[in-house]
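Subject: Structure handover

Hello,

I am passing on the structure we spoke about. Please look through it first; my notes on what was found follow below.

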Amino acid sequence: MAGTTMTDNCPFSTIPSHLNKVRAHIPAHVTLVCVSKFQPTEAIRAAYEAGERHFGESRVQELKQKAAQLPSDIYWHFIGHLQTNKVRDLMKLRPYLIHSVDSERLLQDINDEAGRTGIVQDVLLEVHVAREETKTGFSTEELSAICRQLSAFPNVRIRGLMTMATNTEDETEIRRCFTQTASLVRHLTDVSDLPSGNEAVLSMGMSDDYTIAIECGSNMVRIGSTIFGERTRSAGTRMPKAVFFDQDGVLYNSMPYHAESWAWAMTKHGLPYTAIECYRNEGRTSTGVIQEHHQQMYGTDATPELIQAIYKDKTDHFTQMTGGFPGIIPDVDKVLQYLHDNGIECWVVTGSGQRDLINALNKTFHNVFKGIISSFDCTKGKPDPEPYLKAWERCGFAKEECMVVENAPLGVRAAKAAGLFACAVNTGILPDSDLEAEHADLVLPDMNALLEWFKTRDR
């Protein structure tokens, strides 16, 4: 689009006039950050050609792609929740300003990675003043403690504070949030090495409340929909309406016991088997696993009697090791409760045929599940898409309103074959590359990372 002229029927032709309306309400000392997350590069270029240079992104990969395609004199602001495992990739992009530093650990990681990159990274500390638990940021006490030890972070330059007001139509509450943050930044500049006076950045205000924020002292506002219109959002960029959870390795911490039990039972019956093979076959029906391995070993089908004997031995061994209950994956209960509290349907989609574990799901997880799809409901197991398609049909939502949480490559394959957004939480022994090879949309290290990811989704 470089070098072209927008016409009236161009979908981005209204951006300059939207910008002019916003600029009319912004004093000269206030920096406008155009929130360009989820917007196409053509929309950003239209704002650029209208004179804007500050743009805000919330995902590292999206920022990387856009920075490579757009002019080099753009000032890129990172405004989203930043996971610690994405810090290294973000530092390579050398953003102009990171708005969302919400923990000491994240600040330390940015400091360390900036040192390795050979830069001093400008950041804002995010302060939590909203009356919503889902928002992140430092408390007032934590903020004061951090500002008294800024010398411990030589590779970052703390420019000021950022906050988000409570999501409410109550203007009094919105003003309280902004006024409290403005007072806080003035206090901190008096007692710490934060920039003083007009040099301190106060990033407050978005499309719905930026005029109030400016009245309360903001000198940087983050505005998106008022400039670009409503964002084009796809599955993964917004909060889903239904989440389909695999069982073993996602809900129950059962895979180490399954792997040992399968290896013991298969080897006992003349079919040497390893734990790594178990993880790579996870999600398939037991009959399918035994048949395929028997065919590979002997070139013939396993008899029904052999299948039954192996499965019985495997189940007995599993029960003997676990007492019938292997425990749950760390922090998955917090994920389920968060989704349940926010009205998101939670489903179980499993290839398991262990009735005791399936029957215990609702008791274990306090009846958060809307429905359970197991091997008793399907004629085909993963990696066939049938289990996830059945869950999708029963939930009644559009595919872009649903997502899958898996830990196994074959489970990811099934989810993608069903046309669903697939998040892989790697709780096992396989490398991330095994999950990425099946085209997982998102690979996370644990359930706490998944919880934080959900907290950053658009509603």
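In strand E6, Met-162 is the bridge partner of Glu-126. Please keep in mind that the model is predicted.

That bridge belongs to the pairing of E5 with E6 (residues 156-162), which is parallel and has six bridges. On the pairing with strand E4 (residues 97-101), E5 is again parallel, and two bridges join them. Leu-125 of E5 is the bridge partner of Val-101. Between these strands comes helix H5 (residues 104-117): E4, H5 and E5 form a β-α-β unit, and the unit is right-handed.

How many of the six residues of strand E5 are buried? Six of the six, across residues 121-126, so the strand is largely enclosed by the rest of the structure. In a regular strand, side chains alternate between the two faces of the sheet. Both faces of E5 are covered. On one side, Gln-121, Val-123 and Leu-125 are buried; on the other, Asp-122, Leu-124 and Glu-126 are buried.

A separate point concerns Ser-375, which sits in the loop between strand E11 (369-373) and helix H16 (386-395). Is this residue buried, partly exposed or exposed? Ser-375 has a relative accessible area of 23%, and buried means under 20% while exposed means over 50%, so Ser-375 counts as partly exposed. Ser-375 and Ser-286 are 89 residues apart in sequence, and their C-alpha atoms are 9.6 Å apart in space.

Regards

Methods:
Residues numbered from 1 in each chain as written. Predicted model: local features only at pLDDT ≥ 70, side-chain atom pairs only at ≥ 80, totals over all residues. Heavy atoms only, no water. Buried < 20%, exposed > 50% of the residue type's maximum accessible area, 1.4 Å probe, protein only. Helix = DSSP H or I, 4+ residues; strand = E, 2+ residues; numbered from the N terminus. Pairing = 2+ DSSP bridges. Right-handed = clockwise from strand over helix to strand, strands pointing away.
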